[in-house]
Amino acid sequence: MTLTTPDEKPPAAGPTTPSAPSNPSAFSSYSAPSSPSPLTPLGLLTILLGASLSSIDFFIVNVALPSIERDLHASPATLEMVVAGYAVAYAVLLVLGGRLGDTYGRRKLFLWGVAAFGLTSLACGLAPGAWWLVGARMAQGAASALMLPQVLATIHATTRGERRARAVALYGSVSGLGVVLGQVLGGVLVAADLGGTGWRMAFLVNVPVAVAALLCAVRSVPDSRAEQPRRGDLGGTLLLGSALTALLLPLSEGRATGWPLWSILLLAAAPLLGWAFAAVERRAEDTGGSPLLPPSLLREPGVRLGLALGLPVFIGFSGWMFVSAVTLQQGLGYGALKAGLTLVPMGLTQVAASMLAPRVAARLGGRAMTVAALVHGSGLVVLALTVLWVPWSSLTPLALAPGLALCGLGQGVELALYYRIVLAAVPAARAGAGSGLAATVQQSCLAVGVATVGSLFLSLIPALGMRRAFTAVLGVQLAGLLGLALLGLRLPRRLS
């Protein structure tokens, strides 16, 4: 989706394909200098290559989790932090990353972000222990927050008309393909065990790609920046990060450690920190400042409804990715490659559905979200019945494919509609702030999904076994999708 400033006409519509954790949309004010250099095909390829790094890496790590657990003797709760830590850092810093690009130049921030992503990937691949890996993953999320906001901002500032529409469509396709490529590439790299690297190659492979993107970007990516960049919101950034950490750390580690006092105190502090964040943001807006997430946007009924739609979508998606990785490899004994290939039907149908989502929305309007949720839910039902009725030892990728394909169809439309619905309710003059709010909620929900759904799954295994724990989690996700279907009925018949 392309965002416009009030004095600019929108480009021709093109298909969009948002994907979990790498669709930053537009985080900056998009007031570009008067005459930035045009974006060349090589420049477009370069920034799309950078954008693909974050998307693919998210899915690679899911396939590598069981190997990480064995090699680093990591607890299941620590594995949750390997996934959630990345999403938290990204969620907290992505709006700040966009504003830094506005101020200091998007090309410069893209270069710094790509370089940092390569270095943090190296740190992940060389991690001597589990908590080192968690810290490196958080640094990787911070690097993505520097890099990703610059991609669509650069496209917007340096292209026009049909060229912009094609560039945005290519961006969406690259992001969507990360679902498939991440799973397959992760499985291939872990299974190949090149030079005895095992799971480490899933991170180390980013290093030469980052170097290539960096070298190309120096020569081919034009610079642009905002004429009147907004100030950063350091207080809001710190409070949001503290609130998310206070919530997610005990949810991930508390159960495994017997809920010690520190975990209870952190959970009690989380709502207080959230209240402090809201107060600081309110004050910043009332005094003419530049809040990280403007509270007045939440007073728009359409914005609140759109954000509510995102809760079951993203919490369920990230929880599913974590749970399925553990179930396929530890429960069913699949190797990394087989586990990655098992999820290919879901990835392929998700990409196809997201490309068709604009047409579906044009025909069904807001009801498209309800239909997508019901299709997704039917996929979960098919998966649950398959897991319960087919002997555990006979559960093959082919047996799981029908349910996974249905899940992908629903997810593709849900993800594509989320930004469209939220941003349609945001005044045009505040499009940058609205997209930042939508993306921050998305990334926060991805982290919460791993911590909550993942913890529920792990806590049920001792009592129910992995088969029934897996189906129980599918039931929880199905309940969320039914809520999503009901919310979809409140959407307008025609989506703008």
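1. Disulfides. The count of disulfides in this predicted model comes to 0. A disulfide is a covalent bond between the sulfur atoms of two cysteines. Two cysteines may be noted for their surroundings. Cys445 is buried, because its relative accessibility of 6% is under the 20% limit. Cys216, at 30% relative accessibility, counts as partly exposed.

2. Aromatic pairs. The count of aromatic pairs comes to 3. One of them joins Phe314 and Tyr418, whose ring centres are 4.8 Å apart; their planes stand at 80°, so the pair is edge-to-face. Phe314 is buried at 1% relative accessibility, and Tyr418 is buried at 2%.

3. A tilted pair. Trp320 and Phe470 also form an aromatic pair, with 5.9 Å from centre to centre and 45° between the planes, and this pair is tilted. Trp320 is in helix H11 while Phe470 is in helix H16 (residues 431-488), so the pair ties together parts that lie 150 residues apart in sequence. Trp320 and Phe470 are both buried.

4. Ser324. This residue is placed in helix H11, which covers residues 301-331. Ser324 has a relative accessible area of 3% and is therefore buried. Apart from neighbours within four places in sequence, Ser324 is in contact with Leu343 and Phe470. Phe470 is thus a partner of Ser324 by contact and of Trp320 by ring pairing.

5. Helix H5. How many of the residues of helix H5 are buried? The figure is 10 of the 10 residues in the run 149-158, so helix H5 is largely enclosed by the rest of the structure.

6. Nonpolar surface patch. Trp259, Leu261, Ile264 and Leu265 make up a nonpolar patch on the surface. Together these four residues have about 420 Å² of accessible area. Leu265 sits in helix H10, which spans residues 261-286. Is Leu265 buried or exposed? Leu265 is exposed, because its relative accessible area of 52% is over the 50% limit.

Conventions: Residues are numbered from 1 along each chain as its sequence is written. This is a predicted model: local features need pLDDT of at least 70, side-chain atom pairs count only at pLDDT 80 or more; totals for chains, interfaces and linings use all residues. Side-chain values use heavy atoms; hydrogens and water are left out. Patches are made of residues with over 30% relative accessible area and no salt bridge: like charges are joined within 9 Å, nonpolar side chains (Val, Leu, Ile, Met, Phe, Trp, Tyr) within 5 Å. Accessible areas come from the Shrake-Rupley method with a 1.4 Å probe; for residues, only the protein chains shown count as cover. A salt bridge is a side-chain nitrogen of Lys or Arg within 4 Å of a carboxyl oxygen of Asp or Glu. Helices (H or I, at least four residues) and strands (E, at least two) are DSSP runs, numbered from the N terminus. Buried means under 20% relative accessible area, exposed over 50%, partly exposed in between (1.4 Å probe, protein chains only). A disulfide is a pair of cysteine sulfur atoms within 2.5 Å. Contact means heavy atoms within 4.5 Å. Rings of Phe, Tyr and Trp (its six-membered ring) pair if their centres lie within 6.5 Å; planes under 30 degrees apart count as stacked, over 60 as edge-to-face and the rest as tilted.
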